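Lead sentences come first, followed by points grouped by topic.

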Amino acid sequence: MLYKLRDDLGLRVLVLEEQDGVGGTWYMNRYPGARCDTESVVYSYGFQDERIADWRWSGKYPKQDELLRYFDFVADRLDLKRSIEFGTRVSGATLDESGSTWTVNTADGRSLRTQFLISAVGMLASAPYAPKIPGLEKFAGTLVHTGAWPREGVDLAGKRVAVLGTGSTGVQTIPQVAQQAEHLYVLQRTPQFTIPARHHEYDDATWAEIQRQRPALFEKARWSLGGFPWEHNGKSALDVSSEELEAVLEEMWARGGFEFLWGSYKDLLTNPEANKLVTDFVKEKIRARVDDPVTAESLVPNDHPLGSRRPIVDTNYLETFNRDNVTLLDLRRDALVGITETGVRLESGEVPLDVLILATGFDAVTGPYLRMDLRGRDGKRLADKWETHGPRTHLGFATSWFPNFFMVGGPGSMFINYAILMEQHVEWLADLIARVRESGAKVVEVHEDAEVHWAEHINQQVDRTVIPLGGKSWWTGSNIPGRERRTLFYFGAYRRYRTICDEEAASGYQSYAIS
Ligand code: NA7
(Lines give C-alpha, C1' and ligand atoms only; values in the text may rest on other atoms or scores of the structure.)
Protein backbone atom coordinates (compact mmCIF):
# COMPACT_ATOMS: atom_id res chain seq x y z
CA MET A 1 0.00 0.00 0.00
CA LEU A 2 2.87 2.31 0.89
CA TYR A 3 4.69 1.58 -2.36
CA LYS A 4 1.53 2.06 -4.41
CA LEU A 5 0.40 5.31 -2.79
CA ARG A 6 3.82 6.89 -2.38
CA ASP A 7 5.66 5.79 -5.50
CA ASP A 8 2.80 5.34 -8.01
CA LEU A 9 0.32 7.99 -6.86
CA GLY A 10 2.88 10.42 -5.45
CA LEU A 11 1.04 10.93 -2.13
CA ARG A 12 2.62 11.80 1.20
CA VAL A 13 2.34 8.55 3.17
CA LEU A 14 3.39 7.51 6.65
CA VAL A 15 3.09 3.95 7.94
CA LEU A 16 2.74 3.46 11.68
CA GLU A 17 3.91 0.04 12.85
CA GLU A 18 3.69 -1.28 16.39
CA GLN A 19 6.58 -3.71 15.99
CA ASP A 20 10.23 -2.85 15.42
CA GLY A 21 10.44 -4.34 11.96
CA VAL A 22 8.39 -5.26 8.90
CA GLY A 23 6.70 -8.64 8.44
CA GLY A 24 3.52 -8.35 10.53
CA THR A 25 2.32 -11.82 11.42
CA TRP A 26 5.72 -13.25 10.49
CA TYR A 27 7.44 -10.78 12.79
CA MET A 28 5.39 -11.90 15.79
CA ASN A 29 4.86 -15.61 15.21
CA ARG A 30 8.35 -16.96 15.90
CA TYR A 31 7.31 -20.23 17.53
CA PRO A 32 9.18 -23.39 16.50
CA GLY A 33 7.77 -24.72 13.24
CA ALA A 34 6.13 -21.45 12.11
CA ARG A 35 5.74 -21.74 8.38
CA CYS A 36 3.35 -20.44 5.74
CA ASP A 37 0.98 -23.08 4.42
CA THR A 38 0.45 -21.32 1.09
CA GLU A 39 3.10 -22.12 -1.49
CA SER A 40 5.93 -19.59 -1.57
CA VAL A 41 5.67 -18.89 -5.27
CA VAL A 42 2.21 -17.32 -4.86
CA TYR A 43 2.74 -16.12 -1.28
CA SER A 44 4.81 -13.20 -2.47
CA TYR A 45 4.31 -9.96 -4.36
CA GLY A 46 3.08 -10.40 -7.90
CA PHE A 47 3.74 -6.89 -9.18
CA GLN A 48 6.67 -6.49 -11.50
CA ASP A 49 9.57 -4.47 -10.16
CA GLU A 50 13.04 -5.48 -11.26
CA ARG A 51 14.51 -4.39 -7.91
CA ILE A 52 12.87 -7.40 -6.23
CA ALA A 53 12.94 -9.81 -9.17
CA ASP A 54 16.02 -11.72 -8.01
CA TRP A 55 14.44 -13.14 -4.83
CA ARG A 56 14.68 -16.93 -4.68
CA TRP A 57 12.50 -19.07 -2.42
CA SER A 58 14.21 -22.10 -0.89
CA GLY A 59 11.26 -24.48 -1.16
CA LYS A 60 7.55 -25.16 -1.45
CA TYR A 61 6.49 -23.53 1.85
CA PRO A 62 8.52 -20.68 3.36
CA LYS A 63 9.53 -20.77 7.02
CA GLN A 64 8.93 -17.78 9.27
CA ASP A 65 12.56 -16.60 9.21
CA GLU A 66 12.69 -16.83 5.41
CA LEU A 67 9.45 -14.81 5.17
CA LEU A 68 10.88 -12.18 7.45
CA ARG A 69 13.99 -11.97 5.26
CA TYR A 70 11.72 -11.60 2.22
CA PHE A 71 9.72 -8.70 3.67
CA ASP A 72 12.94 -7.01 4.79
CA PHE A 73 14.42 -7.53 1.33
CA VAL A 74 11.36 -5.97 -0.34
CA ALA A 75 11.24 -3.07 2.12
CA ASP A 76 14.95 -2.36 1.64
CA ARG A 77 15.04 -2.76 -2.12
CA LEU A 78 11.97 -0.53 -2.58
CA ASP A 79 13.28 1.98 -0.03
CA LEU A 80 10.12 1.68 2.06
CA LYS A 81 11.52 1.91 5.57
CA ARG A 82 12.14 5.66 5.36
CA SER A 83 8.32 6.06 5.34
CA ILE A 84 7.65 3.67 8.22
CA GLU A 85 7.67 4.72 11.87
CA PHE A 86 8.42 1.54 13.82
CA GLY A 87 7.61 0.97 17.47
CA THR A 88 4.49 3.15 17.23
CA ARG A 89 1.17 1.75 18.35
CA VAL A 90 -2.01 3.46 17.22
CA SER A 91 -4.39 3.73 20.17
CA GLY A 92 -7.25 5.33 18.26
CA ALA A 93 -8.38 7.80 15.62
CA THR A 94 -11.15 10.39 15.46
CA LEU A 95 -12.81 11.97 12.43
CA ASP A 96 -13.06 15.74 12.57
CA GLU A 97 -16.31 17.65 12.06
CA SER A 98 -15.68 18.32 8.37
CA GLY A 99 -15.65 14.56 7.85
CA SER A 100 -12.50 14.74 5.75
CA THR A 101 -9.64 14.57 8.25
CA TRP A 102 -8.65 11.94 10.76
CA THR A 103 -6.66 12.64 13.89
CA VAL A 104 -4.67 9.54 14.71
CA ASN A 105 -3.54 9.03 18.30
CA THR A 106 -0.52 7.00 19.23
CA ALA A 107 0.03 5.10 22.47
CA ASP A 108 2.95 7.40 23.32
CA GLY A 109 0.60 10.39 23.39
CA ARG A 110 1.13 11.99 19.99
CA SER A 111 -1.48 12.87 17.37
CA LEU A 112 -1.15 13.07 13.61
CA ARG A 113 -3.59 14.38 11.01
CA THR A 114 -4.38 12.69 7.72
CA GLN A 115 -7.02 12.84 5.01
CA PHE A 116 -7.09 9.10 4.38
CA LEU A 117 -6.62 6.50 7.09
CA ILE A 118 -5.93 2.98 5.87
CA SER A 119 -5.81 0.06 8.23
CA ALA A 120 -3.53 -2.85 7.34
CA VAL A 121 -3.70 -4.42 10.81
CA GLY A 122 -4.51 -7.84 9.43
CA MET A 123 -6.99 -10.16 11.02
CA LEU A 124 -5.07 -12.27 13.51
CA ALA A 125 -1.59 -11.58 14.75
CA SER A 126 -2.02 -8.22 16.44
CA ALA A 127 -4.64 -9.65 18.83
CA PRO A 128 -3.42 -12.92 20.42
CA TYR A 129 -6.05 -14.65 22.55
CA ALA A 130 -5.38 -16.43 25.85
CA PRO A 131 -8.38 -18.12 27.49
CA LYS A 132 -9.27 -17.25 31.07
CA ILE A 133 -8.32 -20.55 32.67
CA PRO A 134 -8.60 -20.54 36.47
CA GLY A 135 -5.16 -20.17 38.04
CA LEU A 136 -3.30 -19.30 34.81
CA GLU A 137 -1.64 -16.33 36.50
CA LYS A 138 -0.29 -18.61 39.26
CA PHE A 139 1.84 -20.77 36.97
CA ALA A 140 5.44 -20.43 38.14
CA GLY A 141 7.06 -22.06 35.10
CA THR A 142 7.51 -20.48 31.67
CA LEU A 143 4.21 -19.38 30.13
CA VAL A 144 4.32 -18.32 26.49
CA HIS A 145 1.78 -17.64 23.73
CA THR A 146 2.85 -18.78 20.28
CA GLY A 147 1.81 -15.42 18.83
CA ALA A 148 4.12 -13.53 21.19
CA TRP A 149 7.09 -15.88 21.05
CA PRO A 150 10.20 -14.17 22.48
CA ARG A 151 12.84 -13.18 19.94
CA GLU A 152 15.50 -14.89 21.99
CA GLY A 153 13.51 -18.16 21.90
CA VAL A 154 12.42 -20.45 24.74
CA ASP A 155 14.68 -23.16 26.11
CA LEU A 156 12.74 -26.41 25.89
CA ALA A 157 15.61 -28.88 26.18
CA GLY A 158 15.11 -31.36 29.01
CA LYS A 159 11.83 -29.70 29.99
CA ARG A 160 8.32 -31.00 30.66
CA VAL A 161 6.28 -29.01 28.19
CA ALA A 162 2.57 -28.77 27.36
CA VAL A 163 1.00 -27.25 24.27
CA LEU A 164 -2.60 -26.12 24.74
CA GLY A 165 -4.41 -25.85 21.42
CA THR A 166 -4.38 -27.87 18.23
CA GLY A 167 -5.31 -25.38 15.52
CA SER A 168 -2.92 -24.53 12.66
CA THR A 169 -0.38 -23.15 15.14
CA GLY A 170 -0.47 -26.09 17.56
CA VAL A 171 -0.25 -28.52 14.65
CA GLN A 172 2.86 -26.72 13.32
CA THR A 173 4.67 -26.37 16.62
CA ILE A 174 3.91 -29.74 18.26
CA PRO A 175 6.28 -31.83 16.04
CA GLN A 176 9.09 -29.31 16.60
CA VAL A 177 8.56 -28.98 20.35
CA ALA A 178 8.49 -32.78 20.65
CA GLN A 179 12.03 -32.92 19.26
CA GLN A 180 13.34 -30.57 21.93
CA ALA A 181 11.33 -31.31 25.09
CA GLU A 182 12.03 -34.10 27.52
CA HIS A 183 8.32 -34.81 27.48
CA LEU A 184 5.51 -33.11 25.58
CA TYR A 185 1.86 -33.17 26.65
CA VAL A 186 -0.62 -32.11 23.97
CA LEU A 187 -3.78 -30.66 25.50
CA GLN A 188 -6.47 -31.17 22.88
CA ARG A 189 -10.06 -29.99 23.14
CA THR A 190 -11.22 -30.40 19.53
CA PRO A 191 -9.40 -32.74 17.14
CA GLN A 192 -8.85 -31.28 13.67
CA PHE A 193 -8.41 -32.58 10.15
CA THR A 194 -4.90 -32.06 8.80
CA ILE A 195 -3.52 -32.60 5.32
CA PRO A 196 0.18 -33.40 4.84
CA ALA A 197 2.14 -30.44 3.45
CA ARG A 198 4.68 -32.46 1.42
CA HIS A 199 7.21 -29.69 1.79
CA HIS A 200 10.34 -29.99 -0.34
CA GLU A 201 13.28 -27.75 -1.12
CA TYR A 202 13.71 -26.35 -4.64
CA ASP A 203 16.86 -27.28 -6.56
CA ASP A 204 18.11 -24.80 -9.15
CA ALA A 205 16.40 -26.51 -12.09
CA THR A 206 13.03 -26.56 -10.28
CA TRP A 207 13.40 -22.92 -9.30
CA ALA A 208 14.27 -21.94 -12.89
CA GLU A 209 11.14 -23.69 -14.11
CA ILE A 210 9.00 -22.00 -11.41
CA GLN A 211 10.44 -18.61 -12.40
CA ARG A 212 9.52 -19.29 -16.01
CA GLN A 213 5.96 -20.19 -15.04
CA ARG A 214 5.53 -17.54 -12.35
CA PRO A 215 3.62 -14.89 -14.35
CA ALA A 216 1.16 -17.53 -15.58
CA LEU A 217 0.78 -19.01 -12.07
CA PHE A 218 -0.04 -15.58 -10.70
CA GLU A 219 -2.58 -14.88 -13.40
CA LYS A 220 -4.21 -18.22 -12.68
CA ALA A 221 -4.26 -17.53 -8.93
CA ARG A 222 -5.80 -14.09 -9.50
CA TRP A 223 -8.81 -15.65 -11.23
CA SER A 224 -9.12 -18.81 -9.18
CA LEU A 225 -11.36 -20.17 -6.45
CA GLY A 226 -9.09 -19.38 -3.52
CA GLY A 227 -6.08 -17.46 -4.77
CA PHE A 228 -4.13 -20.61 -5.65
CA PRO A 229 -2.87 -21.56 -9.09
CA TRP A 230 -4.98 -24.67 -9.54
CA GLU A 231 -8.55 -25.62 -10.32
CA HIS A 232 -10.95 -28.44 -9.48
CA ASN A 233 -11.49 -31.05 -12.16
CA GLY A 234 -15.03 -29.89 -12.94
CA LYS A 235 -16.61 -33.13 -11.67
CA SER A 236 -18.84 -33.90 -8.72
CA ALA A 237 -17.39 -36.45 -6.31
CA LEU A 238 -20.84 -38.06 -6.42
CA ASP A 239 -20.72 -38.69 -10.18
CA VAL A 240 -17.64 -40.89 -10.29
CA SER A 241 -17.05 -44.52 -9.34
CA SER A 242 -15.59 -45.28 -5.92
CA GLU A 243 -12.40 -46.52 -7.67
CA GLU A 244 -11.98 -43.24 -9.54
CA LEU A 245 -12.71 -41.21 -6.40
CA GLU A 246 -10.16 -43.18 -4.39
CA ALA A 247 -7.50 -42.82 -7.10
CA VAL A 248 -7.98 -39.04 -7.43
CA LEU A 249 -8.03 -38.47 -3.66
CA GLU A 250 -4.89 -40.61 -3.25
CA GLU A 251 -3.13 -38.60 -5.96
CA MET A 252 -4.12 -35.33 -4.33
CA TRP A 253 -3.14 -36.63 -0.88
CA ALA A 254 0.30 -37.43 -2.29
CA ARG A 255 0.59 -33.87 -3.64
CA GLY A 256 -0.45 -32.50 -0.25
CA GLY A 257 -1.50 -29.07 0.97
CA PHE A 258 -4.67 -27.18 0.11
CA GLU A 259 -4.60 -28.58 -3.40
CA PHE A 260 -6.16 -31.72 -1.88
CA LEU A 261 -9.33 -29.77 -1.13
CA TRP A 262 -9.48 -27.18 -3.90
CA GLY A 263 -7.78 -29.08 -6.72
CA SER A 264 -9.93 -32.19 -6.99
CA TYR A 265 -13.75 -32.36 -7.05
CA LYS A 266 -15.86 -29.25 -7.34
CA ASP A 267 -18.34 -30.01 -4.56
CA LEU A 268 -16.22 -31.19 -1.62
CA LEU A 269 -16.92 -28.04 0.36
CA THR A 270 -20.43 -27.33 -0.85
CA ASN A 271 -22.32 -30.62 -1.00
CA PRO A 272 -22.58 -32.44 2.37
CA GLU A 273 -22.80 -35.84 0.64
CA ALA A 274 -19.67 -35.23 -1.44
CA ASN A 275 -18.01 -33.77 1.63
CA LYS A 276 -18.73 -36.94 3.62
CA LEU A 277 -16.79 -39.01 1.09
CA VAL A 278 -13.65 -36.93 1.49
CA THR A 279 -14.15 -36.52 5.25
CA ASP A 280 -14.26 -40.32 5.63
CA PHE A 281 -11.15 -40.64 3.44
CA VAL A 282 -9.19 -38.30 5.73
CA LYS A 283 -10.46 -40.02 8.90
CA GLU A 284 -8.96 -43.29 7.61
CA LYS A 285 -5.68 -41.49 6.92
CA ILE A 286 -5.58 -40.29 10.53
CA ARG A 287 -6.09 -43.83 11.81
CA ALA A 288 -3.33 -45.08 9.50
CA ARG A 289 -0.82 -42.45 10.65
CA VAL A 290 -1.17 -43.08 14.40
CA ASP A 291 0.08 -46.39 15.90
CA ASP A 292 -1.98 -46.54 19.09
CA PRO A 293 -5.67 -47.08 18.22
CA VAL A 294 -6.99 -45.29 21.34
CA THR A 295 -4.83 -42.21 20.63
CA ALA A 296 -5.85 -42.38 16.96
CA GLU A 297 -9.57 -42.31 17.84
CA SER A 298 -9.00 -39.28 20.06
CA LEU A 299 -7.40 -37.53 17.09
CA VAL A 300 -10.29 -38.24 14.69
CA PRO A 301 -12.70 -35.29 14.50
CA ASN A 302 -16.28 -36.42 14.93
CA ASP A 303 -18.16 -33.18 15.51
CA HIS A 304 -17.46 -31.31 12.27
CA PRO A 305 -16.76 -32.20 8.65
CA LEU A 306 -13.54 -31.51 6.75
CA GLY A 307 -13.35 -27.93 5.45
CA SER A 308 -15.94 -26.53 7.84
CA ARG A 309 -13.15 -24.96 9.89
CA ARG A 310 -9.93 -23.46 8.66
CA PRO A 311 -8.17 -26.44 6.98
CA ILE A 312 -4.82 -27.36 8.49
CA VAL A 313 -1.67 -28.43 6.69
CA ASP A 314 0.90 -30.42 8.64
CA THR A 315 4.37 -31.90 8.60
CA ASN A 316 4.61 -35.03 10.78
CA TYR A 317 1.88 -33.84 13.16
CA LEU A 318 0.05 -37.13 13.62
CA GLU A 319 3.26 -39.20 13.50
CA THR A 320 4.49 -37.16 16.49
CA PHE A 321 1.99 -39.07 18.66
CA ASN A 322 3.98 -42.24 17.90
CA ARG A 323 6.96 -40.87 19.84
CA ASP A 324 7.66 -42.17 23.36
CA ASN A 325 8.06 -38.65 24.75
CA VAL A 326 4.64 -37.40 23.58
CA THR A 327 1.30 -37.87 25.37
CA LEU A 328 -2.06 -36.77 24.04
CA LEU A 329 -4.36 -35.49 26.77
CA ASP A 330 -7.90 -35.54 25.42
CA LEU A 331 -9.72 -32.77 27.28
CA ARG A 332 -13.11 -34.06 26.18
CA ARG A 333 -12.50 -37.18 28.26
CA ASP A 334 -10.44 -35.62 31.02
CA ALA A 335 -11.41 -31.98 31.40
CA LEU A 336 -8.99 -29.15 32.09
CA VAL A 337 -9.91 -27.89 35.53
CA GLY A 338 -7.28 -25.21 35.99
CA ILE A 339 -3.63 -24.24 36.19
CA THR A 340 -1.57 -24.50 39.35
CA GLU A 341 1.83 -23.12 40.27
CA THR A 342 3.46 -26.31 39.04
CA GLY A 343 1.38 -27.58 36.16
CA VAL A 344 -2.07 -28.18 34.71
CA ARG A 345 -4.88 -29.74 36.70
CA LEU A 346 -7.12 -32.19 34.88
CA GLU A 347 -10.10 -33.99 36.37
CA SER A 348 -7.87 -37.06 36.78
CA GLY A 349 -5.08 -35.17 38.56
CA GLU A 350 -2.17 -32.80 38.03
CA VAL A 351 0.38 -32.91 35.21
CA PRO A 352 3.63 -31.24 36.40
CA LEU A 353 5.16 -28.85 33.86
CA ASP A 354 8.13 -26.57 33.32
CA VAL A 355 6.73 -24.81 30.25
CA LEU A 356 3.15 -24.13 29.16
CA ILE A 357 2.72 -23.05 25.54
CA LEU A 358 -0.60 -21.43 24.65
CA ALA A 359 -1.43 -22.10 21.00
CA THR A 360 -4.89 -20.73 21.65
CA GLY A 361 -5.24 -18.44 18.66
CA PHE A 362 -6.45 -14.91 18.22
CA ASP A 363 -9.31 -12.51 18.79
CA ALA A 364 -9.57 -12.83 15.06
CA VAL A 365 -10.86 -10.59 12.29
CA THR A 366 -12.47 -7.83 14.38
CA GLY A 367 -10.02 -7.92 17.33
CA PRO A 368 -7.20 -6.04 15.59
CA TYR A 369 -9.64 -3.18 14.74
CA LEU A 370 -11.41 -3.04 18.07
CA ARG A 371 -8.12 -2.77 19.98
CA MET A 372 -8.09 0.76 18.55
CA ASP A 373 -10.65 3.37 19.59
CA LEU A 374 -11.92 4.44 16.17
CA ARG A 375 -14.56 7.18 16.12
CA GLY A 376 -16.24 8.18 12.90
CA ARG A 377 -19.03 10.58 11.93
CA ASP A 378 -20.90 12.11 14.91
CA GLY A 379 -18.41 10.42 17.22
CA LYS A 380 -19.77 6.95 16.42
CA ARG A 381 -17.48 4.25 17.78
CA LEU A 382 -16.54 1.37 15.49
CA ALA A 383 -16.88 -1.01 18.45
CA ASP A 384 -20.50 0.10 19.03
CA LYS A 385 -21.39 -0.08 15.36
CA TRP A 386 -19.98 -3.57 14.87
CA GLU A 387 -21.36 -4.76 18.20
CA THR A 388 -24.92 -3.87 17.17
CA HIS A 389 -25.01 -5.20 13.63
CA GLY A 390 -21.90 -7.32 13.29
CA PRO A 391 -18.82 -6.08 11.43
CA ARG A 392 -20.70 -4.83 8.36
CA THR A 393 -18.47 -3.60 5.58
CA HIS A 394 -18.64 -3.17 1.84
CA LEU A 395 -16.53 -5.99 0.34
CA GLY A 396 -14.19 -5.69 3.32
CA PHE A 397 -12.93 -2.28 2.11
CA ALA A 398 -14.98 0.31 3.96
CA THR A 399 -17.70 0.73 6.58
CA SER A 400 -20.35 3.47 6.68
CA TRP A 401 -20.03 6.29 9.24
CA PHE A 402 -16.27 6.03 8.76
CA PRO A 403 -15.53 8.17 5.68
CA ASN A 404 -11.99 8.25 4.31
CA PHE A 405 -11.21 5.13 6.37
CA PHE A 406 -10.34 1.96 4.49
CA MET A 407 -9.28 -1.56 5.35
CA VAL A 408 -6.89 -3.86 3.52
CA GLY A 409 -8.57 -7.25 3.97
CA GLY A 410 -11.20 -6.12 6.46
CA PRO A 411 -14.09 -8.23 7.77
CA GLY A 412 -16.43 -9.20 4.94
CA SER A 413 -13.64 -9.75 2.43
CA MET A 414 -12.27 -13.23 1.89
CA PHE A 415 -10.17 -15.84 3.64
CA ILE A 416 -7.99 -17.11 0.81
CA ASN A 417 -4.34 -16.85 -0.16
CA TYR A 418 -3.78 -13.48 1.47
CA ALA A 419 -0.90 -12.45 -0.75
CA ILE A 420 -3.19 -12.47 -3.77
CA LEU A 421 -6.07 -10.80 -1.90
CA MET A 422 -3.86 -8.06 -0.41
CA GLU A 423 -2.45 -7.03 -3.72
CA GLN A 424 -5.90 -6.76 -5.24
CA HIS A 425 -7.12 -4.74 -2.24
CA VAL A 426 -4.19 -2.36 -2.50
CA GLU A 427 -4.84 -1.77 -6.19
CA TRP A 428 -8.58 -1.34 -5.73
CA LEU A 429 -8.19 1.12 -2.85
CA ALA A 430 -5.47 3.08 -4.63
CA ASP A 431 -7.75 3.43 -7.68
CA LEU A 432 -10.58 4.69 -5.47
CA ILE A 433 -8.34 7.22 -3.74
CA ALA A 434 -6.96 8.38 -7.09
CA ARG A 435 -10.51 8.82 -8.36
CA VAL A 436 -11.52 10.89 -5.29
CA ARG A 437 -8.49 13.14 -5.70
CA GLU A 438 -8.93 13.58 -9.43
CA SER A 439 -12.53 14.65 -8.90
CA GLY A 440 -11.44 17.33 -6.44
CA ALA A 441 -13.62 15.76 -3.75
CA LYS A 442 -12.52 15.55 -0.12
CA VAL A 443 -14.70 12.84 1.33
CA VAL A 444 -15.64 9.31 0.32
CA GLU A 445 -18.05 7.19 2.33
CA VAL A 446 -19.78 3.92 1.55
CA HIS A 447 -23.60 3.99 1.52
CA GLU A 448 -25.04 2.08 4.46
CA ASP A 449 -27.41 0.10 2.23
CA ALA A 450 -24.45 -1.19 0.17
CA GLU A 451 -22.91 -2.80 3.24
CA VAL A 452 -26.26 -4.13 4.43
CA HIS A 453 -26.73 -5.71 1.01
CA TRP A 454 -23.22 -7.21 1.09
CA ALA A 455 -23.80 -8.62 4.60
CA GLU A 456 -27.01 -10.29 3.38
CA HIS A 457 -25.20 -11.69 0.38
CA ILE A 458 -22.35 -13.24 2.36
CA ASN A 459 -24.84 -14.70 4.84
CA GLN A 460 -26.80 -16.36 2.04
CA GLN A 461 -23.63 -17.52 0.36
CA VAL A 462 -22.16 -19.25 3.43
CA ASP A 463 -25.25 -21.42 3.66
CA ARG A 464 -24.20 -23.01 0.36
CA THR A 465 -21.06 -24.39 2.03
CA VAL A 466 -20.25 -26.81 4.86
CA ILE A 467 -18.98 -23.94 7.04
CA PRO A 468 -22.17 -23.67 9.17
CA LEU A 469 -21.37 -27.23 10.33
CA GLY A 470 -17.98 -26.19 11.73
CA GLY A 471 -18.93 -25.50 15.35
CA LYS A 472 -17.13 -22.77 17.26
CA SER A 473 -14.05 -21.50 15.47
CA TRP A 474 -12.29 -18.25 14.65
CA TRP A 475 -13.71 -18.34 11.11
CA THR A 476 -17.03 -17.30 12.63
CA GLY A 477 -15.63 -15.28 15.54
CA SER A 478 -17.05 -17.87 17.93
CA ASN A 479 -13.68 -19.06 19.29
CA ILE A 480 -14.04 -16.32 21.92
CA PRO A 481 -16.35 -17.53 24.72
CA GLY A 482 -19.71 -15.77 24.72
CA ARG A 483 -19.37 -14.32 21.25
CA GLU A 484 -22.11 -15.21 18.80
CA ARG A 485 -21.33 -16.83 15.44
CA ARG A 486 -21.06 -14.36 12.58
CA THR A 487 -20.30 -14.59 8.90
CA LEU A 488 -16.99 -12.80 8.70
CA PHE A 489 -15.98 -13.68 5.15
CA TYR A 490 -17.36 -14.12 1.67
CA PHE A 491 -16.99 -17.86 1.07
CA GLY A 492 -17.76 -17.86 -2.65
CA ALA A 493 -15.20 -18.12 -5.44
CA TYR A 494 -12.46 -15.53 -5.36
CA ARG A 495 -12.87 -14.84 -9.08
CA ARG A 496 -16.51 -13.92 -8.39
CA TYR A 497 -15.47 -11.61 -5.54
CA ARG A 498 -12.86 -9.99 -7.77
CA THR A 499 -15.44 -9.48 -10.51
CA ILE A 500 -17.82 -7.82 -8.00
CA CYS A 501 -14.99 -5.47 -6.96
CA ASP A 502 -14.19 -4.67 -10.60
CA GLU A 503 -17.86 -4.02 -11.38
CA GLU A 504 -18.07 -1.61 -8.45
CA ALA A 505 -15.09 0.35 -9.80
CA ALA A 506 -16.48 0.26 -13.37
CA SER A 507 -19.80 1.67 -12.10
CA GLY A 508 -17.94 4.77 -10.92
CA TYR A 509 -18.14 3.53 -7.31
CA GLN A 510 -21.93 3.70 -7.15
CA SER A 511 -21.90 2.31 -3.59
CA TYR A 512 -19.96 5.34 -2.38
CA ALA A 513 -20.84 8.98 -1.79
CA ILE A 514 -17.96 11.09 -3.08
CA SER A 515 -18.21 14.77 -2.18
P1 NA7 B 1 -7.04 -21.50 16.40
O2 NA7 B 1 -7.19 -22.14 15.08
O3 NA7 B 1 -8.09 -20.58 16.85
O4 NA7 B 1 -6.82 -22.68 17.45
C5 NA7 B 1 -6.84 -22.41 18.83
C6 NA7 B 1 -6.73 -23.70 19.58
O7 NA7 B 1 -6.75 -23.42 20.98
C8 NA7 B 1 -7.89 -24.66 19.31
O9 NA7 B 1 -7.40 -25.96 19.29
C10 NA7 B 1 -8.79 -24.42 20.51
O11 NA7 B 1 -9.63 -25.50 20.82
C12 NA7 B 1 -7.76 -24.23 21.59
N13 NA7 B 1 -8.32 -23.54 22.75
C14 NA7 B 1 -8.71 -22.25 22.84
N15 NA7 B 1 -9.20 -22.00 24.06
C16 NA7 B 1 -9.14 -23.16 24.75
C17 NA7 B 1 -9.50 -23.53 26.06
N18 NA7 B 1 -10.04 -22.65 26.90
N19 NA7 B 1 -9.30 -24.82 26.45
C20 NA7 B 1 -8.76 -25.70 25.58
N21 NA7 B 1 -8.39 -25.41 24.32
C22 NA7 B 1 -8.59 -24.14 23.91
O23 NA7 B 1 -5.66 -20.68 16.49
P24 NA7 B 1 -4.29 -20.93 15.70
O25 NA7 B 1 -3.29 -19.99 16.26
O26 NA7 B 1 -3.96 -22.36 15.69
O27 NA7 B 1 -4.61 -20.55 14.22
C28 NA7 B 1 -5.26 -19.34 13.88
C29 NA7 B 1 -4.96 -19.00 12.46
O30 NA7 B 1 -3.68 -18.39 12.36
C31 NA7 B 1 -4.84 -20.17 11.54
O32 NA7 B 1 -6.06 -20.72 11.18
C33 NA7 B 1 -4.05 -19.60 10.39
O34 NA7 B 1 -4.89 -18.95 9.47
C35 NA7 B 1 -3.13 -18.61 11.06
P36 NA7 B 1 -11.12 -25.58 20.16
O37 NA7 B 1 -10.91 -25.91 18.71
O38 NA7 B 1 -11.73 -24.20 20.34
O39 NA7 B 1 -11.82 -26.61 20.94
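Helix 4 (residues 168-180) gives the largest share of the shell around the ligand, 3 residues. Helices (H or I, at least four residues) and strands (E, at least two) are DSSP runs, numbered from the N terminus. The model is a predicted one: local features need pLDDT of at least 70, side-chain atom pairs count only at pLDDT 80 or more, and totals for chains, interfaces and linings use all residues. Residue numbers start from 1 along each chain as its sequence is written.

**Ligand shell**

- The ligand is surrounded by 22 residues, and the closest are Pro 131, Gly 165, Gly 167, Thr 190 and Gly 361. A residue is near a molecule or strand if its C-beta atom, placed from the backbone, lies within 6 Å of it.
- The shell around the ligand has 9 nonpolar, 10 polar and 3 charged residues. Ala, Val, Leu, Ile, Met, Phe, Trp, Tyr, Cys and Pro count as nonpolar, Asp, Glu, Lys and Arg as charged, and the others, Gly among them, as polar.

**Helix 4**

- A residue is buried if 20 or more other C-beta atoms lie within 10 Å of its own, exposed if 12 or fewer, and partly exposed in between, with C-beta atoms placed from the backbone.
- The buried residues of helix 4 include Ser 168, Val 171, Ile 174 and Pro 175.
- Strands 8 (160-164), 9 (183-188), 10 (194-196), 11 (312-314), 12 (326-330) and 16 (355-358) are what the buried residues of helix 4 pack against.
- Helix 4 has a kink of about 35° at Ile 174, shortly before the proline Pro 175. The bend at a residue is the angle between axes fitted to the seven residues ending there and the seven starting there.

- An open sheet is formed by 4 strands in the order 5-4-3-17, with mixed pairing. Two strands pair if DSSP finds at least two bridges between them.
- Strand 5 (111-114) and strand 17 (373-375) are at the edges with a single partner strand each, so one side of each has no neighbour in the sheet.
- Strand 4 (residues 102-106) pairs with strand 5 in the antiparallel sense over 4 bridges, and Thr 103 has Arg 113 in strand 5 as its bridge partner.
- Strand 3 (residues 90-95) and strand 4 run antiparallel and are joined by 5 bridges; the bridge partner of Ala 93 is Val 104 in strand 4.
- Strands 3 and 4 form a hairpin with 6 residues between them, and Gly 99 in the turn has a positive phi of about 80°.
- Strand 3 and strand 17 run parallel, joined by 3 bridges, with Thr 94 opposite Arg 375 in strand 17.

**Residues in loops**

- Most residues other than glycine have a negative phi.
- Asp 79 is not a glycine but has a positive phi of about 55°. Asp 79 lies in the loop between helix 3 (64-77) and strand 2 (84-85), and is exposed because 12 other C-beta atoms are within 10 Å.
- Val 365, also not a glycine, has a positive phi of about 70°. Val 365 lies in the loop between strand 16 and helix 10 (367-370), and counts as buried because it has 27 C-beta neighbours inside 10 Å.
- Leu 9 is in the loop between helix 1 (2-8) and strand 1 (15-16). Leu 9 counts as partly exposed, with 13 C-beta neighbours inside 10 Å.
- Leu 9 and Ala 430 are 421 residues apart in sequence, yet 7.9 Å apart in space, C-alpha to C-alpha.

Conventions. Contact = placed C-beta atoms within 7 Å.
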